[in-house]
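Please open the structure in a viewer and keep the selection panel at hand.

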2 protein chains.
Amino acid sequence: MLSKKTKYALHALTYLGKHREHKTVLIQDIAEEHNISHKFLENILLELRKAGYLGSKKGKGGGYYLIKEPKDIPLSRIIRLLDGPIALLPCVSLNYYEPCAECKNEVQCGINKVMIQVRDETLKILENKSLQDILDGE
Amino acid sequence: MLSKKTKYALHALTYLGKHREHKTVLIQDIAEEHNISHKFLENILLELRKAGYLGSKKGKGGGYYLIKEPKDIPLSRIIRLLDGPIALLPCVSLNYYEPCAECKNEVQCGINKVMIQVRDETLKILENKSLQDILDGE
DNA sequence: CATAAACTCTATAAAATTTATAGGGATTAT
DNA sequence: ATAATCCCTATAAATTTTATAGAGTTTATG
């Protein structure tokens, strides 16, 4: 399951995607719309900005706005950014690899081999779904 | 990512699958082979037995053994049993459904719609991989 | 029949992670 | 000058995961 962080990020991105005609959107507006703690959401939007998905404007009249095309924001990226690895095991993660302590020999581990396949197929799914697909369903 | 519980369960099932010629296998043997805490593994094997994957024999000379064909143990079942939902959100879980608190109207939620698709495609993957596939890779 | 070897079961403790809060800073429009 | 707004880091609270403990129960065996 996705963490609340990632779920809230998706809601925020969706909200921002639906309000692209406005220059900026307030954290508060998104928080109220979805009953999310203002401060928690603040941290999430900050991460999304640092990762290059959002722009922001400080001061009075400021707020956040989307700086990427929704079709260029795949689910895989958002999930990885906020939740970490998409792979089911550290030993098959492309971006967060770590050996499994309980595994004596990764090369001849059947679990490892199967999980590489699962990872590749899962990635195909999540790379092919973007914020645009979410917006299309609203 | 899978929890350690599920990961250990997969190791245990694999071990039991590789030792089907023996009548029973000791918890201790599996625990030692993979450096897993004996007591933690004990709880996991108990769950697998209660769920109908393993049989056990008490007392001296006892132990655990596989009572299903490896091809009839899909990853989806093991993951669900020990880690819970495969769906990425509670609002699209087939087996553990719960509405999302922050979602005003599930029916017109684009995230919900996309996550249903992700769930279905993910399930296809995990239902088509079984313990047999793991054993084939050892 | 006594003993030791195993699994059974439930409770609890420890550790790690996630979720939430707090508060002072910096910037900007008016 | 002021109020509105994002920025940043630290910490607290809650939850979940991981691990441990210990008293049952069953069974093989000498």
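A residue is counted as buried if 20 or more other C-beta atoms lie within 10 Å of its own C-beta atom. The model on the screen is a predicted one.

Select Y53(A), which sits in the loop between α3 and β1 (54-57) of chain A. Is Y53(A) buried or exposed? Y53(A) has 23 C-beta neighbours inside 10 Å, and therefore counts as buried. Then select R20(A), 33 residues from Y53(A) along the chain; the C-alpha atoms of the two are separated by 13 Å.

**Second stop: a helix of chain B**

Select α1(B), a helix of 15 residues. From its first C-alpha to its last, α1(B) reaches 21 Å, close to the 21 Å expected at 1.5 Å a residue. Colour the buried residues of α1(B), among them Y8(B), L10(B), H11(B), L13(B) and L16(B).

**Third stop: where the two chains meet**

Display chains A and B together. Here 30 residues of chain B are in contact with 30 residues of chain A. On the chain B side, the elements that give two or more residues are α1 (4-18), α5 (110-127) and α6 (131-136). Of these, α5(B) gives the most, with 8 residues. By class, this side of chain B divides into 14 nonpolar, 8 polar and 8 charged residues.

How is chain B superposed on chain A? A rotation of 180 degrees, with 0.0 Å of shift along its axis, brings chain B onto chain A with an RMSD of 0.0 Å. That is the relation of a two-fold axis. To locate the axis, select T122(B), whose C-alpha, at 3.2 Å, comes closest to it of the residues of chain B. Because 100% of the interface residues of chain B are also interface residues in chain A, the copies meet through the same surface.

**Last stop: DNA strand C**

Select DNA strand C, which is surrounded by 24 residues. The closest are S3(A), K4(A), S37(A), K39(A) and G59(A). Elements of both chains give two or more residues to this surface: α1 (4-18) and α3 (38-50) of chain A, together with α3 (38-50) and β2 (63-66) of chain B. Highlight α3(B), which gives the most, with 4 residues. Coloured by class, the surface near DNA strand C shows 5 nonpolar, 10 polar and 9 charged residues.

Definitions and conventions
Residues are numbered from 1 along each chain as its sequence is written. Chains are lettered from A and ligands numbered from 1 in the order in which they are written. This is a predicted model: local features need pLDDT of at least 70, side-chain atom pairs count only at pLDDT 80 or more; totals for chains, interfaces and linings use all residues. Two residues are in contact if their C-beta atoms, placed from the backbone, lie within 7 Å. Ala, Val, Leu, Ile, Met, Phe, Trp, Tyr, Cys and Pro count as nonpolar, Asp, Glu, Lys and Arg as charged, and the others, Gly among them, as polar. Copies are superposed by least squares on the C-alpha atoms of residues with pLDDT of at least 70 in both. A residue is near a molecule or strand if its C-beta atom, placed from the backbone, lies within 6 Å of it. The expected span of a helix is 1.5 Å times one less than its number of residues. A residue is buried if 20 or more other C-beta atoms lie within 10 Å of its own, exposed if 12 or fewer, and partly exposed in between; C-beta atoms are placed from the backbone.
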